[in-house]
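Subject: Structure handover

Hello,

Please find the structure below, for you to open alongside this email. My notes come after it.

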Amino acid sequence: MSTSSNDTRALLDVRDVSKSFGVVQVLRSVSLQVTRGEVVTVIGPSGSGKTTLLRCVNFLESYDSGSIRIDGKEVGFRDPGTRQRRSERDLAAMRAETGMVFQSFNLFPHLTAAGNIMLGLRKVRGKSEAEARSIAEHWLGRVGLAHKADSLPAELSGGQQQRVGIARAVAMEPKILLLDEITSALDPELVGEVLAVVRSLAEDGMTMLMVTHEMAFARDASSRIVFMADGGVSAVGPPKEILAAETTNERLRTFLARFRASHF
Amino acid sequence: MGYALNFNLIWRHFDKLWGGLLLSLELAVISIAIGIVIGLVLAVWYVSAGRVVRTIIAAYVEFIRNVPLILLVYLVFYGLPTVVDLAYSAPTSFILTLSVYSGAYLVEVFRSGLEAVPRGQLDAGKAIGLTPWQRLIHVRLPTMLRITLPALSNTFISLFKDTSIASVISVPELTYGAQWINFNTFRIVEVYLVTTAMYLLTGYALLFGLRLVERRFRAAR
C-alpha cells in the first residue's frame with residue numbers, strides 16, 4: 001500500500017518492551033518484528049501478555065521501557081530515548097495508521113454498520129459523506145454484509161458485528177491490522193465466517209498481528225507464530241517449526257497439551 | 001361535611017392559573033436549558049480533570065443537593081442583592097437559582113452516564129484515530145445520552161414541579177396563581193384540586209413526550 005518506505009525493514013518493530021501493572025510484570029523485554037505482508041500470530045496461555053502487547057502497538061496501553069516502531073516511527077513517545085508521550089493529536093494520527101479489531105467487537109451502538117465504518121473515514125481521513133459511504137459499502141461487500149449497511153449493531157449477530165468491526169478497521173487502510181482474539185466472544189458456528197474474512201485479507205497481503213486461540217487457523221494462515229509465556233516471547237518461528245518445537249520447549253508442550261485436551 | 005364544591009369562581013379566575021402554568025413552563029424550560037449546559041460542561045470536565053477540579057465540582061453538587069431549594073431561592077432573591085450591587089426581577093432571580101440547582105443534579109446524571117460508557121467503545125474510537133474531542137462528540141456523548149435518558153426524564157419532571165417554589169418570592173406562576181385565587185375567593189379545595197390536576201396533566205404530558213424520545217433512542221440502540 002505504501003510505496004515510499006523501505007520494504008526490507010520490519011514494518012512493525014517491537015524492541016525490549018517491558019510493562020508492569022503495579023507489581024505484576026505483564027511484558028518482559030518483548031521483541032518482535034513483523035514485515036510487510038506477514039501474518040504473525042501470537043499464542044499462549046491467558047495472562048501471558050498477548051493482549052497487552054497488542055494494545056501497546058497502537059498505544060492503547062503505554063509501556064515502561066523499550067520501543068515500538070511502525071514504519072520506522074516511534075509509536076507512543078516523541079523521540080527515541082525520551083519517554084515523553086506524544087500529544088493526543090499525534091497519538092490519534094499514529095493510531096489511524098493501525099487498525100484494530102476487538103474481542104468484544106466494540107461497534108458504536110448508535111451508528112449503523114455503514115456509519116461505524118464512515119466515522120473514521122469522515123473525521124480522521126476527511127472524506128466526503130458520499131466518498132465515505134461508497135468506501136463503507138465496498139468493505140461491507142467484502143465482508144459479505146452489503147445488505148446490512150443500514151442495520152444497527154443491535155440488529156446484527158455476533159459474527160456479523162465482528163465482520164463490521166473488521167471492515168471498520170481495514171476501511172481506514174491501516175499499515176497493519178491488529179486482531180485481538182476476535183473470535184473468542186463468538187458462538188462456535190459463527191467463528192468460520194469471521195476467519196474466512198481474515199483469510200481473504202491475508203491473501204490480499206494485509207499485514208496482520210493477531211492474538212488467537214484458534215490453533216488450526218494460526219497454523220494454516222500465519223507466516224509465523226509467536227508463543228508467549230509469562231510476559232515474554234518463549235518461541236517464535238513458522239507454524240511447522242513452532243509445533244515441532246514442542247519437543248524442546250517445555251512450556252509450549254504444556255500449553256499445547258492443555259489446549260488439545262480442551263479443544264479436541 | 002358542610003362544604004359544597006363550587007368551581008364557578010375558579011373558572012372566572014382561570015386566566016391566573018393558565019397564565020401561571022405557562023410561566024411555570026417557561027421558568028422550567030429556561031432553567032433546565034441553562035442547567036443542561038452547566039451539567040454537561042462540568043460533567044465532561046469532571047471525568048477528564050484532576051483531583052482539585054473534581055473536588056470543587058463535587059462540593060458544588062453536594063452543597064446544592066443538601067440545601068433545600070426554597071432556602072436557595074431566598075438567598076439569591078433577598079440575600080445576594082444586599083451583598084453585591086445587583087438588581088433583578090423575581091422571575092430572573094428564580095431562573096438563576098433553578099439553573100444552578102438543576103445544573104448540580106444534571107452534573108450527577110451526566111457524569112454517571114459518561115462513566116457508564118463502555119471502555120471498549122472508547123478504545124474503538126481511539127483505534128480509528130479519533131482525537132479526544134472527536135471521541136467525546138461522536139462516541140461518548142451519544143452513548144451517554146442513551147444511557148441517561150430515563151434518569152433525565154425524571155430529573156426534568158422533578159425540576160418542573162420545583163418551579164412552584166417561585167411562588168414564595170411572588171413570581172406569578174401556577175402555584176402563586178392558585179394562592180391568589182384562594183385568598184380572593186376562599187375556594188381552597190376547588191382551586192388546589194384544579195391546580196393539582198394541571199400539574200399532573202402537564203407532568204404526564206412531559207413524561208409522555210420524553211418517553212417518545214427514549215423509545216426512538218432505544219430503537220436506535
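The notes take one chain at a time, then the contacts between the chains.

This is a predicted model, in which local features need pLDDT of at least 70 and side-chain atom pairs count only at pLDDT 80 or more, while totals for chains, interfaces and linings use all residues. Residues are numbered from 1 along each chain as its sequence is written, and chains are lettered from A and ligands numbered from 1 in the order in which they are written.

Chain A

The secondary structure of chain A consists of nine helices and 10 strands; here helices (H or I, at least four residues) and strands (E, at least two) are DSSP runs, numbered from the N terminus. The radius of gyration of chain A, taken over C-alpha atoms, is 18 Å, close to the 18 Å from the globule rule for 264 residues, so the chain is as compact as a globular protein of that length. That rule is 2.2 Å times the number of residues to the power 0.38. The C-alpha trace of chain A spans about 55 × 50 × 35 Å along its principal axes.

Of the 264 residues in chain A, 47% are buried. A residue is buried if 20 or more other C-beta atoms lie within 10 Å of its own, exposed if 12 or fewer, and partly exposed in between, with C-beta atoms placed from the backbone. Two residues are in contact if their C-beta atoms, placed in that way, lie within 7 Å. In chain A, 64% of the contacts with a separation of 6 or more are between residues 24 or more positions apart.

One open sheet in chain A has four strands in the order β2-β1-β4-β5, with antiparallel pairing; two strands pair if DSSP finds at least two bridges between them. The edge strands are β2 (24–34) and β5 (73–74) of chain A, each pairing on one side only. Going across the sheet:

- β1 (residues 12–21) of chain A pairs with β2(A) over seven bridges, and A:Leu12 stands opposite A:Val34 in β2(A).
- Five bridges join β1(A) to β4 (residues 65–70) of chain A, where A:Arg15 has A:Ser67 as its bridge partner in β4(A).
- β4(A) and β5(A) pair over two bridges, with A:Ile70 opposite A:Lys73 in β5(A).

The hairpin of β4(A) and β5(A) has two residues between the strands, and A:Asp71 there takes a positive phi near 55 degrees.

Chain B

Chain B has nine helices and zero strands. Its C-alpha trace spans about 75 × 50 × 25 Å along the principal axes. Of the 221 residues of chain B, 37% count as buried. Among contacts in chain B between residues at least 6 apart in sequence, 78% join residues at least 24 apart.

An unreviewed UniProt entry annotates residues 21–210 of chain B as "domain: ABC transmembrane type-1". UniProt positions are given in the numbering used here, feature names are shortened, and annotations may be inferred rather than shown by experiment. That span is 85% helix and 0% strand, and its end C-alpha atoms lie 19 Å apart.

Between the chains

How many residues of chain B are in contact with chain A? There are 19, and they touch 23 residues of chain A. On the chain B side, the elements that give two or more residues are α6 (119–127) and α7 (132–162) of chain B. α7(B) gives the most, with seven residues.

Regards
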